Amino acid sequence: MSIGASLKRLEDYNLVTGRGQYVGDLQFPDQCEAVIIRSPHAHAIIRSIDAEEARGLDGVLLILTASDLPDDLRPIPMRLSPDPILEKALQYPLAKDRVRYVGDPVAVIVAKNRYVAEDAADFIHIEYEVLPPVTDAVQSLEPGAPILHPDAGTNEMYLIHGRKGEAAERLKTCEHVLEEELYVQRHSGIPMETRGLLALCDEDERLTVYGAAKVVHFNHQLMARLLNKNIDEIRLVETDCGGGFGPRGEFYPEDYLIPFAAIQLKRPVRWIEDRLEHFKATNHSREQKHRVTVGFDGDGRIYALRDEIFFDQGGYIRTHGTTVPSLTQAMFPGPYDFSDIEIVTHLVLTNKTPVGTYRGPGRFEGTFVRERVIDMVAAHLKLDPTIVRERNYIRPEQMPYSNGLSALGQVIEYDSGDYAETLDRARKFMGWEQFAGKQSRARQEGRFIGLGFASFVEKSGFGPWEFAEVEMRPDGRVICKTGLTEVGQGITTTLAQICSDQLGIPYSDVSVVHGDTALVEKGNGSFATRGAVVGGSAAWHAAGLLKEKLLKVAAEQLKVPVDMLALKDGGVVYAEAGQAAMPLEELLTICSDLGISLCEKYTFHIEHMTYPYGCHAAEVELDPDTGALQILKYYIAYDLGKAINPMLVEGQLIGGMAQGLGGAMYENLKYDEIGQLVSGSFMDYLIPTSMEVPEVTTEILENYPSPLNPLGVKGAGEGGTVAVAPAIANAIVNALQEYAIPFTSLPLRPERIREALKQMKPER
Amino acid sequence: MTEKTAESSRLKTITLKVNQKEYTVDVEPRMLLSDVLRDELRLTGTHVGCEHGVCGACTIMMDGRPVRSCLVFGVQADQADIVTVEGLESQDGELHPLQNGFWEKHGLQCGFCTPGMLMTACHLLEHNPDPSREEIREAISGNLCRCTGYQGIVDAVEYAAKEMRERAE
Ligand code: FES
Ligand code: FES
């Protein structure tokens with residue numbers, strides 16, 4: 001059995017030897033390079049653009065401004081949760097008369113190489129009339145705030161209202177009521193490879209575009225639509241991809257501009273985003289303010305929950321539409337059973353880079369807020385926060401459980417799980433029972449230690465379908481074509497393991513083909529932790545059909561009933577005894593003689609998402625002089641139903657934890673009051689290094705396989721990220737418990753801890 | 001002045017030894033060594049993640065020291081002896097113990113930071129054949145990885161160190 005085994009990745013040989021082929025590694029004869037000119041202002045009217053001088057420069061091949069694009073060009077539409085209300089704020093590939101964030105594309109220069117293109121950029125003269133910007137979602141709603149899209153007439157593009165029961169009424173009758181404001185800062189995926197594209201156009205105007213990622217087939221259709229071409233005149237090809245995490249692979253202005261330039265020039269045009277550009281151009285994420293009210297009794301049982309969320313969308317609606325705010329809202333109650341809920345989310349425009357998804361979209365934010373609130377309720381009642389959690393969990397016998405809210409067109413319905421178990425394991429591992437004693441001994445030595453917990457429910461397996469095609473070649477090798485894409489998560493190995501199990505061959509005999517619209521007929525791509533669940537199930541079924549076909553032929557040859565046979569160890573065996581019945585080679589020859597095609601397709605449909613869950617726990621120590629925080633121990637328990645490759649799951653959890661840690665403590669896409677991004681390079685946007693990320697212990701549980709797919713899997717991509725911030729924040733508060741310092745906003749910077757510690761230092 | 005003369009007057013001829021092979025190329029003085037390696041010599045194993053010296057993806061060995069090739073101009077590397085990730089494998093195609101370590105211990109996901117990590121780790125193990133986990137963490141702290149959370153990388157370097165010590169015995 002290769003499902004369940006920690007097998008080495010098939011992806012790795014190329015990547016460790018430098019043979020990987022990322023988009024920037026490709027080179028074609030006559031290739032030239034594009035640079036995008038971006039707005040230096042957060043909000044301005046474009047008065048004029050004079051490109052004459054730049055056009056005259058040696059080596060400059062093409063300059064495009066909005067007036068050079070087709071008159072009937074449409075803006076970039078939404079991919080997920082589209083809504084006509086939002087259409088007034090979509091982004092055009094180049095800004096027409098107004099710019100709305102620092103980084104808004106205004107012109108494209110193509111030159112023989114990037115050095116020359118950058119030279120030319122200095123010779124383009126753009127006159128702007130600067131308008132007052134707005135950089136805060138709450139201020140953006142105030143009367144008199146500058147309106148970003150005059151056509152829309154308001155900065156509040158959307159209001160999402162979700163409710164179950166009567167929260168307002170119920171709050172009136174609760175013994176205790178707590179009101180808090182919490183904030184999650186802007187940050188994002190920041191993959192190590194920036195985005196890039198390479199577009200080739202031949203004499204017949206057929207396009208090939210390298211560098212696609214994530215949702216290749218969707219972008220294929222969209223590119224054809226925007227470029228006014230037939231779908232079969234364009235081919236999108238995925239290259240190796242240096243990290244996805246949500247932002248990469250969505251359809252951005254450049255996904256139109258670079259192919260368009262290639263068509264104009266009939267030469268290969270390459271564009272590789274530089275890092276400074278990436279910070280301004282690629283989707284940001286996460287920024288939200290929450291105003292929460294909870295009503296509970298003296299035992300910590302929470303009855304009513306109300307939350308008003310201000311979601312900072314930035315200057316335009318990008319491809320995700322309302323996905324992130326609606327997920328925040330619908331997943332906000334997490335693992336708890338609250339009887340009355342009311343949540344209102346305002347989706348607000350500001351003069352900042354537009355936002356999209358980032359690993360655990362909506363859950364990172366909601367989990368921080370909710371799990372802090374749980375600890376606040378506990379603090380208010382002087383109760384053990386883990387007991388408060390326990391008292392509010394949805395119990396296994398309540399499954400399937402709907403929290404009454406919906407997102408992505410589905411009512412949230414948790415499929416299965418035992419939330420208390422993961423908390424129990426975390427308490428045991430972290431020594432929670434003995435911790436109070438340990439803490440007071442430490443305090444006597446002048447050391448501040450604290451322990452915090454955070455529970456979460458994730459979602460995975462977003463449908464509606466995924467496609468796989470599995471073919472056995474005459475030499476016994478298997479080709480598995482999938483509609484998924486590889487962003488570093490190991491989809492190749494995962495699918496190879498699934499096919500290997502079905503067909504009884506080594507997983508290294510399976511080649512996985514993905515992300516090429518000429519080779520894979522359809523697909524939805526890799527996002528929302530859907531790969532193993534939806535794509536894996538498609539591959540399982542396609543390989544299963546192939547297995548049935550092979551066994552049927554074998555049974556006819558051997559004149560035994562089909563169910564006596566199985567595929568194992570690279571051949572046909574008698575199922576019961578396991579002894580060899582026919583080598584695969586012979587069976588393949590027979591099939592080929594009989595003209596039997598050994599290629600099967602399967603489209604796996606899924607109506608509901610599936611919900612993995614778990615618990616994070618952190619033990620921290622604070623340095624009273626500097627406020628520096630050290631993570632002494634970090635633990636994640638995660639139940640995902642079934643792990644196809646536990647080593648890869650562990651890699652996802654630990655890697656995800658590091659990203660969550662960045663969001664919890666370091667990363668901040670910070671703007672000043674005129675809308676300039678002041679943390680737009682790695683010098684001031686701090687990603688955790690090997691010195692900040694602690695050793696993480698993970699425990700992968702398979703107690704509640706998903707009933708919604710044949711593999712029983714629930715995804716692994718996001719659970720490592722979503723609960724880091726509250727686990728650490730709760731640990732900090734626990735370390736400083738007698739001082740009632742709120743810690744209600746991220747990032748939890750050391751200077752804030754130091755300030756807090758300074759203020760409470762005893763007078764000398 | 002025609003384009004040709006403008007250009008040739010700017011070009012400088014440099015000679016570098018990369019992975020034991022000698023190359024002579026004409027480059028503009030402003031061209032980064034990372035671009036020379038990648039675009040001129042077509043050694044694309046060396047990656048560029050930031051071009052401002054922070055991420056470490058472009059790390060190579062230059063005259064025995066790990067260097068960020070995005071912070072060096074090609075002309076500054078004239079006459080240098082360079083090793084890139086493509087030079088880690090032995091002539092007969094056997095992987096370096098570090099490459100094996102990364103593979104065995106899941107030291108990579110997207111693989112983009114990997115070449116830089118390998119070169120940095122290579123330098124560490126040359127000078128410290130038996131590093132502690134803390135020392136490994138410190139050594140690779142100038143190389144950002146967004147995927148792995150570093151634990152697999154530390155495991156990989158530990159694994160390679162052990163393998164190399166055993167080989168040396
Ligand atoms: S590319 Fe050289 S350090 Fe980042
Ligand atoms: S493996 Fe992706 S950045 Fe390190």
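Tutor: The largest cavity holds about 780 Å³ of space. A cavity here is a set of points, on a 1 Å grid over the protein atoms alone, where a 1.4 Å probe fits but cannot get out; lining residues have an atom within 4 Å of a point. Grid points are joined across faces, edges and corners, and a volume is the space filled by probe spheres set on the points.

Student: What kind of model is this, and how is it numbered?
Tutor: This is a predicted model, in which local features need pLDDT of at least 70 and side-chain atom pairs count only at pLDDT 80 or more, while totals for chains, interfaces and linings use all residues. Residues are numbered from 1 along each chain as its sequence is written, chains are lettered from A and ligands numbered from 1 in the order in which they are written, and side-chain values use heavy atoms, with hydrogens and water left out.

Student: How many cavities of 30 Å³ or more are there in the whole structure?
Tutor: The search finds seven.

Student: Which residues lie nearest the centre of the largest one?
Tutor: Of its 46 lining residues, A:Gln489, A:Thr529, A:Arg530, A:Gln652 and A:Gly717 lie nearest the centre. Helices H9 (323-331), H14 (491-503), H15 (531-558) and H17 of chain A each give two or more residues to this lining. Helices (H or I, at least four residues) and strands (E, at least two) are DSSP runs, numbered from the N terminus.

Student: And the second largest cavity?
Tutor: About 150 Å³ of space lies there. Its lining has 15 residues, and the closest to its centre are A:Gly196, A:Leu197, A:Gly211, A:Ala212 and A:Asp255. The largest share, three residues, comes from E10(A).

Student: Turning to chain B, what does H6(B) pack against?
Tutor: Its buried residues (under 20% relative accessible area, 1.4 Å probe, protein chains only) pack against H17 (646-666) and E28 (696-701) of chain A, together with H3 (97-104), H4 (114-127) and H5 (133-139) of chain B. Among those buried residues are B:Ile153, B:Val157 and B:Glu163.

Student: How do E23 and E24 of chain A run, parallel or antiparallel?
Tutor: E23 (571-574) and E24 (580-583) run antiparallel, joined by three bridges; strands pair if DSSP finds at least two bridges between them. A:Val572 stands opposite A:Met582.

Student: What lies between these strands?
Tutor: Five residues separate E23(A) and E24(A) in this hairpin, and A:Gly578 in the turn has a positive phi of about 85 degrees.

Key
Buried < 20%, exposed > 50% of the residue type's maximum accessible area, 1.4 Å probe, protein only. Contact = heavy atoms within 4.5 Å. 1 Å grid on protein atoms, 1.4 Å probe; cavity = no way out; pocket = protein on both sides within 12 Å on 5 of 7 lines; lining within 4 Å.
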